[in-house]
Amino acid sequence: MAHYPIRRYWRQRGLCLFPTTTPQYVASTMLMVNQNQGNTRPPTFDELRGRERYSLTVRQLLLVRPMLERAAAMVGNITASQLLARASITEVGKTELFLLTVQDTDRQRAVALADAIVTSFQALERDLLDAEFAEHSILIVVDPAYAEPQPVGPNYTRNIILSVVIAILIAIAIGFLYDYFNTRINDEDDLDRRGGGRPLLTIGTIKGNTPAAQLITLSNPAALEAESYRTFRLYLDRLEAAKRPQVIAVISAAPGEGRSLTAANLAVALAQTGRRVVLVDANLRNPTLHTFFNLPYQSGLTNLLRVSVRPLESFLQVTPQPNLYVLTAGMMSGLPAQLLGCPQLETVLATLRQSADVVIIDTAPLFPFADTALLLGAVDATLLVVRANHTNEEALRRTFDMLSQTKVACLGVVLNGVKRRWRWPAMKVRFARSAAPTALAQPGEIAGETGD
């Protein structure tokens with residue numbers, strides 16, 4: 001198939017992704033290269049090979065630029081480049097016959113162009129083939145140029161089907177590539193696939209314009225998300241009394257993952273069971289727990305860490321939820337890492353253990369600050385908060401590594417902000433990007449089970 005680009009091949013068969021609406025006609029003429037020129041002697045093997053090369057040469061010469069320029073000038077309103085894009089040559093079996101086809105929007109002009117190419121070759125062949133003494137043209141027209149009355153394209157049905165198939169394949173490819181290169185955790189399966197295990201709690205999107213409105217366990221206890229928080233207390237109840245953590249730090253790798261929201265709702269859910277709960281705001285860089293309960297925060301943890309001048313109970317603030325007390329962050333002066341790393345922290349937590357059944361501590365992001373890392377050595381366990389479509393695999397891996405180094409047990413993962421949506425299970429194809437990250441300090445150290 002000479003001079004037959006792929007784009008022209010598909011266009012002439014009406015298989016364009018964006019097909020034209022103009023009718024297309026194809027004129028065809030069957031030709032033969034006659035090299036006998038009166039010779040009746042049977043050809044030898046070498047002569048047959050020479051004839052084959054000669055025939056291929058003729059086919060190539062039919063579509064060279066001088067030939068096409070002459071043919072275009074004979075018909076008019078077309079250039080040699082345009083004619084090259086519309087013309088093609090195909091062999092007919094293993095014979096000396098071949099088919100010259102020309103496509104055009106006008107049926108009669110398609111026929112004229114095919115005839116013009118043949119005429120141009122016959123006029124120039126003596127010079128091109130160095131056969132100035134030949135009496136007859138070696139190019140014989142076996143079947144004159146003819147175009148069917150009906151256009152060959154566009155084939156709308158076929159083009160639409162092809163376009164739909166290509167669009168589906170492109171969408172699948174984009175989906176695979178997005179899933180492979182997107183390292184953010186989207187749902188429970190994604191968390192498990194990236195080494196975080198099955199989440200302990202899965203929390204959907206909580207609506208509300210203010211932190212108080214997002215305190216769903218207090219403002220709307222019958223809501224589905226409030227029930228999700230209450231399952232955490234069932235998890236604690238299943239643990240043996242000796243292994244049940246009393247001081248729990250709610251942590252996350254980065255800001256905006258819902259630590260404070262999780263800590264506040266869990267504290268309310270635990271207090272609703274009759275437990276005495278103290279909620280501590282240890283995020284000294286950006287304290288927010290007081291906004292959930294509309295409490296002043298000027299006096300709190302920082303005052304106790306500098307010097308204990310008054311009993312701890314005087315800093316605990318009551319909330320609308322019975323049995324729940326809040327120790328706000330207090331006014332910050334100095335470096336948070338210095339305060340959270342001082343020996344006075346152990347004394348404060350020891351006092352809280354005596355006055356509360358459960359202590360929930362809201363913390364600062366693990367990275368890039370050292371505040372929370374210094375605090376982890378004084379707590380019994382952690383609860384990792386991961387936000388859907390926010391936390392990425394690298395942050396999750398770094399968090400696991402830090403918890404493993406500090407040897408702090410993790411009760412599990414709270415997957416926050418999950419959008420409830422329907423999916424086709426059959427289409428959920430995922431790639432395993434890498435091996436699972438280093439495991440957390442095992443929840444079995446506290447719970448005697450995996451916690452997944």
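The model is predicted, so local features need pLDDT of at least 70 and side-chain atom pairs count only at pLDDT 80 or more, while totals for chains, interfaces and linings use all residues. Residues are numbered from 1 along each chain as its sequence is written, and side-chain values use heavy atoms, with hydrogens and water left out.

**View 1. The salt bridge between Glu-91 and Arg-59.** The closest N and O atoms of this pair are 3.5 Å apart (a salt bridge is a side-chain nitrogen of Lys or Arg within 4 Å of a carboxyl oxygen of Asp or Glu). Because Glu-91 belongs to strand E2 (residues 87-91) and Arg-59 to helix H2 (residues 45-61), the contact ties together parts 32 residues apart in sequence (helices, H or I, are DSSP runs of at least four residues and strands, E, of at least two, numbered from the N terminus). Glu-91 is partly exposed, at 48% relative accessible area.

**View 2. The salt bridge between Asp-190 and Arg-194.** The closest N and O atoms lie 3.3 Å apart. Asp-190 is buried at 0% relative accessibility, and Arg-194 is buried at 3%.

**View 3. The salt bridge between Arg-230 and Glu-227.** The N to O distance is 2.7 Å. Both residues lie in helix H10 (residues 224-238), three residues apart, and are thus separated by about one helical turn. Arg-230 is buried, with a relative accessible area of 11%, whereas Glu-227 is partly exposed at 41%.

View 4. The whole structure contains 14 salt bridges.

Methods:
Buried means under 20% relative accessible area, exposed over 50%, partly exposed in between (1.4 Å probe, protein chains only).
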